[in-house]
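Hi,

Here is the structure I promised to pass on. Please have a look, and my notes on what turned up follow below.

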Amino acid sequence: MKVAVCVKQIPDPADPGELNLETKTLKRDVKLILDESDSYGVEMALQLVGDEGEVVLVSMVPNNERNGLNNALAMGADSAVLVSDEALAGSDALGTAKVLAAAIKRVAPDLVLTATESSDGYTGTVPEQIAELLELPSVTFAKEVNISDGNVSVRRQTEDGYDEVSCPLPALVSVTAGVVEPRYPSFKGIMAAKSKPVEELTISDLGIESSHVGWVGSGQEIVSIEPAPKREAGEVIEDEGDAHERILSFLEELKVI
Amino acid sequence: MGTIWVHAETKNGEVSTITLELLTKARELGEVVAVHAGSDAEAAALQLGAYGASRVLSTGDLDGGLIGPALASALSGVIGEEAPQAILFGTTYGGRDVAGRLSVKLDAPVITNIVDLVDEDGLTGVEPVFGGTTNVRTRFTGEKVGIFLVRPKSFVAESAGGDSAAVSMIAVPDLGNTGAAKVHNQFVEESDGPKLDEASIVVSGGRGLGEAEKYHLIEDLAKRLGGAAGASRAIVDAGWVPYSYQVGQTGKVVKPDVYIAAGISGATQHMVGMKGSKTIIAINKDSEAPIFSIADLGIVGDVHKVLPALLEALGES
């Protein structure tokens, strides 16, 4: 069994960065890390394949950055396909999906795993776009994933509970955060990652024209960036054992209690 | 004005709140047509009409199939003759699936996470970024129909008192492989209080609780106040509570009358989901926590002391 996991390398969300006012997109010239959302897909893939399978990472960047990819390889993924091309800068979700779908096609996996959305762009449409481009069935927002007899069965998050959904492989599944505990790379894993194969491709290797990706390929433009109306801070007090009384009186003023 | 398609999400004939919000906005922008998958279009037609839809295009029952590929295929089959100017989806599990599939079928981009729509040389979406401190306005550049994914609670739903919408069926073409996923069972996870995104009081917990076992403090307080319990992404990622509890950019947007954030520092990801609350109360050990910059009442203190004391006092009242 071969599982492809889409992983994104993003600026550290703890340091939210800023917008490049010229290009109107997030500045990504900082050190990139593995999107934490993707670590759940990597962990789930490793658990699903066990000892007799293969986990291949698929990722794209404009500048051959590998830091986040190395982290996922150190967790235990076997290899990676990295599409690295200057023309990818500024790609929207659909352009991103086209590139990832083309790369996944070369890997020919039984299962494709993704996060539900990235922690920087948050569009949340890429998984379904990839599935449609590859003409695959898909189950999004998985809380639990099991494989047996060429089928994947999934507990899919719904507004008020979950659905049990199954479909034959090959298929794409997007995984919600927190459903497995991503392992920390061991020292051995970190050392081993250095010699794992990373196939680096350009978009022309994938037969994609530069007019379909990047700034030019995105069918949308940012017309303005402006500060949002601010919310003012109110009263702040130190708890000296009686703060709960202030909360109570505040709730009473609001007629909540 | 052109036609605006609004994705109508229903359950047993009941139209979801996000759909009513989208219909209310869409009627400012053009003629509104609801697009729908499921067996309950006729039952929902009265409510859809009341909120502004003149017609409903429905696939009918999907026989256990998932909505994404089915509705996207059916819509791409009629988009030529119907020629909508824009298509609005709610940012929901189903809405995101259909929007993603449809964007590939039409080779059209999607503008996501928007909280407002304005007509400025074409429909333009307003998306808050960096924890809601900055608004970005985006519009489509091509000739293709615009697909927008709108966050819940962006508009206030108001009935226009219109007549029942006329239902017509649209065919789902043979989906081939893409339609192979089937739903076998549906489970409703019972919770006794109000739903997180509809509650007038929300109590959320974060990493400051220290350990999963302490989350009951949040649930107890929510229950005592008749509200719903929520969570920051940090403790959802840590597996303390399910994804459905998450308030934030990923997760649910809430706008309750009172939001109580306990042990939540206020990452931008979280603030986007709750800064529209009418009143915010924050309890956090760190006086520098960003959450205090938007709180109406901030308590610099230990949640393990303040919450039990508050619960005890509430118990007596």
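N284(B) is buried, with a relative accessible area of 8%; buried here means under 20% relative accessible area, exposed over 50%, and partly exposed in between, using a 1.4 Å probe and protein chains only. This is a predicted model, in which local features need pLDDT of at least 70 and side-chain atom pairs count only at pLDDT 80 or more, while totals for chains, interfaces and linings use all residues. Residues are numbered from 1 along each chain as its sequence is written, chains are lettered from A and ligands numbered from 1 in the order in which they are written, and side-chain values use heavy atoms, with hydrogens and water left out.

N284(B) sits in strand β17 (residues 279–284) of chain B; helices (H or I, at least four residues) and strands (E, at least two) are DSSP runs, numbered from the N terminus. Leaving aside residues up to four places away in sequence, N284(B) touches G263(B), I264(B), S265(B), A289(B), F292(B), I299(B), V300(B) and G301(B), where contact means heavy atoms within 4.5 Å.

I281(B) is also found in β17 of chain B, and I281(B) is buried with a relative accessible area of 0%.

Over in chain A, helix α4 (residues 126–133) is largely enclosed by the rest of the structure, because seven of its eight residues are buried. Those seven are V126(A), P127(A), E128(A), Q129(A), I130(A), A131(A) and E132(A). After α4(A) comes E135(A), with a positive phi near 55°.

Now, how many cavities of 30 Å³ or more does a search of the whole structure find? There are two. A cavity is a set of points, on a 1 Å grid over the protein atoms alone, where a 1.4 Å probe fits but cannot get out, and lining residues have an atom within 4 Å of a point. Grid points are joined across faces, edges and corners, and a volume is the space filled by probe spheres set on the points.

The largest cavity has a volume of about 70 Å³, and its lining includes S37(A), E117(A), R233(B) and Y243(B).

Best wishes

Definitions and conventions: 1 Å grid on protein atoms, 1.4 Å probe; cavity = no way out; pocket = protein on both sides within 12 Å on 5 of 7 lines; lining within 4 Å.
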